[in-house]
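Subject: Structure handover

Hello,

Here is the structure I promised to pass on. Please open it before you read the rest.

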Amino acid sequence: MKVTGGFLSGLEIEFHHGLNTVIGPQGSGKSAVVEHLRHGLNVMPGRDGDPLRRRATSMIEKVLAGGRVELAVETKDGMSYTISRSAGEDAVILNSDGAPLPPGVSVNSIFGAAVYSQRQIEGIAENPHYQLDLIDGFEVDSLAGVSRRISDVNHLLEANTSRILPLVAEKQNLEASLSQLDSVAEKLRAFDTLTGRHAGEINAAHALKALRGREITAIHHSIENLQACAARFKPWLGQLSELVLPMFSNDITTGPNAEIMGESVIEAMDSINEAEARLARAVKALDEAARKLGAKKEALGLVHIRQEAQFRTTVEKQQRDLAKSAERARLEKQRNELLFRQRRLTEVVAEITALETKRTLLRSKLSEVRDERFTIRQEVAERLNSKLNATIRIRVAQSADQEDYRRFLESALRDAGMQHQRIAASLSREISPDELADLVRADDVATLAQRGGINLQQATAVIRELTVAPRLLELQIVDLNEMLTIELCDNGIYKDSGCLSASQKCAAILPILLLEGNAPLIIDQPEDNLDNRFVHETVVSALKAVKSTRQVILVTHNPGIPVLGEASRVIVMQSDGLGGGVKKSDSVNGCGAEIVTLLDGGQDAFDLRSSRQTRKTP
């Protein structure tokens, strides 16, 4: 690691592939070393918006102070890279030839590491989400593949939702308008009772008039649909270049990278011109189709005029029924429009049914992939439990994290005029998202009230709020993630790590961090809150076991870690008050004087190591 600028400006450290310990007086920059490594490797603590992440970001901004950290790394496959990153900037990654990797390549995709501060270790003990992240780190590749598949299925479900929603709205509008169809049909049936010498002829004439109405309606709506489709394309004609050209100001196209920038504009415009040409052809074809149908509509209109004249001649044969004939014609026209909507409703229902069938298959696939995610996490927990002593236990509960589900319900019920937070908590605790969606679709107020622990009035309001199409579709795919529990055995009783003392929290989490893995492990002051016995018997033992398979970098105040852990390299930090740097970098014996001087009990640690080595000597 090299640092340019900031508190550690000029710092240069070459870490050994085994156990490295960083020691030094207070304020010499030991923790800053960890945070610089964290920043360069882009391994931020917690999750977006968490206090841990905000604190880490703030710290690197202060200690780096506009400077830059540069890391030389080698992957497990033997590939070498240089990572250069300033505060607030994305990393620049160079390959072994010094050539930059494409901007889309992230540090995490080529090089993994685990970085923990002391506060972060306590946070893991207290937060189930952090615990889940910790366990996921033991199966990064497998879970990354599962996450990609979950994301892919979710994208397909989002596309499915975007197609269903407008159809559902159209279906509701069509159903509302069709409420008049029975009434119109009943009124028309009354005209079938016409009597007189010309009744049969008049009824036949009205039937043909109704058919003419359906003919003109079919062409009219077809023209409208074609024109609406063309109208969606037309605004983009001549406008696509505005998505690109304004981005390239004169100083960009004439600057030191003018050749690349100029080529970018030319290539983008070539593609845009081709897209606009295709759009223009599509618009022209749609307009032409609408024009041809318009011509047919005019021709049909002329034919209809002649047929309408014949119709008038026919109905006028029975003078006393002229008024009824006019009313009948009006009702026939209304029925024609309603029948058209009825046919459209049939089409819409068929489309919705097909999309819902596809959605059911996608939801089934999503459930399968989520089950696979649980299986991987369960296997990780079992594997880790077999390597941990019986004082620490990891348990994984499937679909037990109700936080996202509860928040969804709170948001959906916020404007329902009831105690939405209490009801959301009760429903999320008692009924799964799938079950709740089924109850809403079935309008089963009684069962919802009984199972959800709410009254009938509240259940009715819940169904009313969740029946809204977007909410119901979202409810079907709410993710109930796994819930992890890490427990420490205290006098024969297993206790949740979140309920433990500070020292017990570290005792529950630290042994897990020191387990299997080949990615570098970087921890700031792992021994804080731990007694020397635990450090010597558990931490040191774990370090000696793991240092041969993974690189470990620890900031420590405990002499037992470098001495008894037989560190390959000890980095001694110093500070002049204005900045920190390396005073010495050597083996444990080479830095023996500094360990004795800086770390309380340093001499005792050397004496203990000496006595252990003596006991091992035949």
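Below is what I found, from the whole chain down to a few single residues.

One caution to begin with: this is a predicted model.

**Overall build**

The protein has 22 helices and 13 strands. Its radius of gyration is 37 Å, while the globule rule gives 25 Å for 618 residues. The value is well over the rule, so the protein is more spread out than a compact globule. The C-alpha trace spans about 130 × 70 × 40 Å along its principal axes. Of the 618 residues, 42% are buried.

**The four-strand sheet**

Start with the open sheet of four strands. Its order is β1-β3-β4-β5, and the pairing is antiparallel. The edges are β1 (2-4) and β5 (92-94), each pairing on one side only. From one strand to the next, the twist averages 20 degrees.

Look at β1 and β3 (residues 68-74) in particular. They run antiparallel and are joined by three bridges.

Helix α1 (residues 30-41) lies across β1, β3 and β4 (80-86). The helix runs at about 70 degrees to β3.

**The six-strand sheet**

There is also an open sheet of six strands. The order is β6-β10-β11-β2-β12-β13, and here the pairing is mixed. Strands β6 (114-116) and β13 (580-586) form the edges, each with pairing on one side only. The twist averages 15 degrees from strand to strand.

Strand β12 (residues 569-575) pairs with β13 over six bridges, in the antiparallel sense. Within this pair, I571 stands opposite S585 of β13.

Helix α1 turns up again. It packs on this sheet and touches β2 (19-23), β6, β10 (521-524), β11 (552-555) and β12. Its direction makes about 140 degrees with that of β10.

**A helix pair**

Next, α12 (residues 403-413) and α17 (residues 469-476). Their axes come within 11 Å and cross at roughly 170 degrees. How do the two helices run relative to each other? An angle over 145 degrees counts as roughly antiparallel, and α12 and α17 are therefore roughly antiparallel to each other.

Which residues meet? From α12 they are Y405, F408 and A412; from α17 they are R471, E474 and L475. By class, this contact has four nonpolar residues, two charged ones and no polar ones.

Last stop, A502, which sits in helix α18 (residues 502-513). Is A502 buried, exposed or partly exposed? Its relative accessible area is 32%. Buried means under 20% and exposed means over 50%, so A502 is partly exposed.

Leaving aside residues up to four places away in sequence, A502 touches E122 and N529. For a sense of distance, compare A502 with G255. They are 247 residues apart in sequence, and their C-alpha atoms are 57 Å apart in space.

That is the handover. Over to you.

Best wishes

Technical notes: Residues numbered from 1 in each chain as written. Predicted model: local features only at pLDDT ≥ 70, side-chain atom pairs only at ≥ 80, totals over all residues. Heavy atoms only, no water. Pairing = 2+ DSSP bridges. Axes fitted to C-alpha atoms, helices over the stretch in contact; angles between N-to-C directions. Contact = heavy atoms within 4.5 Å. Buried < 20%, exposed > 50% of the residue type's maximum accessible area, 1.4 Å probe, protein only. Parallel < 35°, antiparallel > 145°, perpendicular 65-115°, else oblique. Nonpolar A, V, L, I, M, F, W, Y, C, P; charged D, E, K, R; others polar. Rg over C-alpha atoms; globule rule 2.2 N^0.38 Å.
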